Amino acid sequence: PSKRTLFEENGKIYKDKLSKIDEEFSLFINNLDEDRRYLVSCEGAFSYLTSDYGMKEVYLWPVNAESQITPKRMARTISIVKNKNIQTVFCESTVSDESQMIVVKETGAKFGGNLYVDSLSEDNGPVSSYLEMLTHNLNLIKRGLN
């Protein structure tokens with residue numbers, strides 16, 4: 001109780017930082033043609049993000065299990081990337097990007113980098129906090145979709 005004011009102030013500062021990140025990404029997405037609002041990644045871990053920002057999600061496997069990649073899923077992803085002229089694909093930091101590199105090779109799309117989902121980096125890495133993770137991921141996505 002003696003620290004209530006401090007916690008409330010820190011909470012407000014944190015919420016403001018989250019709101020700023022959200023507003024910047026919303027503005028970017030809202031100014032992007034709808035046919036370019038595809039997020040292609042290894043794992044179907046971005047449903048919340050794609051739903052919140054009016055994007056479409058394409059992935060090689062639904063949950064964190066590389067063994068679930070099938071020829072049918074690979075072919076579907078390659079087909080969508082080709083047919084929708086998707087320029088950039090991503091992977092996650094905790095899995096190998098080897099499968100996604102097949103998509104890159106088969107479609108001519110570029111690899112946009114690794115997004116963080118399941119973990120943060122070390123303290124001296126690119127995403128040592130939740131806010132840094134959001135900023136890192138959204139900046140990578142923006143560069144890839146731009």
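Predicted model: local features only at pLDDT ≥ 70, side-chain atom pairs only at ≥ 80, totals over all residues.
Residues are numbered from 1 along each chain as its sequence is written, and side-chain values use heavy atoms, with hydrogens and water left out.

**View 1. Thr135 in helix α5.** Helices here are DSSP runs of H or I with at least four residues, strands are runs of E with at least two, and both are numbered from the N terminus. Thr135 is partly exposed, at 35% relative accessible area (buried means under 20%, exposed over 50%, partly exposed in between, with a 1.4 Å probe and protein chains only). Look for Ile21 too: 114 residues separate it from Thr135 in sequence, yet their C-alpha atoms are 7.0 Å apart.

**View 2. The largest nonpolar core, with 22 residues.** A nonpolar core is a set of buried Ala, Val, Leu, Ile, Met, Phe, Trp, Tyr and Cys residues joined through side-chain atoms within 4.5 Å. Phe25, Ile29, Leu39, Met55 and Ile141 touch the most other members. Two elements, α1 (4-30) and α5 (130-145), each give two or more residues, and α5 has the largest share, with seven. Not counting residues up to four places away in sequence, Ile141 touches Phe25, Leu39, Leu49, Met55, Phe90 and Leu115 (contact means heavy atoms within 4.5 Å). A second, separate core of 17 residues includes Cys42, Ile86, Cys91 and Val104.

View 3. Met74, Thr77, Ile78, Ile80 and Val81 are the buried ones. What covers them includes β1 (38-43), β2 (56-61), β3 (88-92) and α4 (98-107). Over on the other side, Pro71, Lys72 and Asn83 are exposed. Just after α3, Asn85 takes a positive phi of about 55 degrees.

**View 4. Ser99 in helix α4.** Ser99 is buried, with a relative accessible area of 17%. Leaving aside neighbours within four places in sequence, Ser99 is in contact with Leu60, Trp61, Ile69 and Met74.
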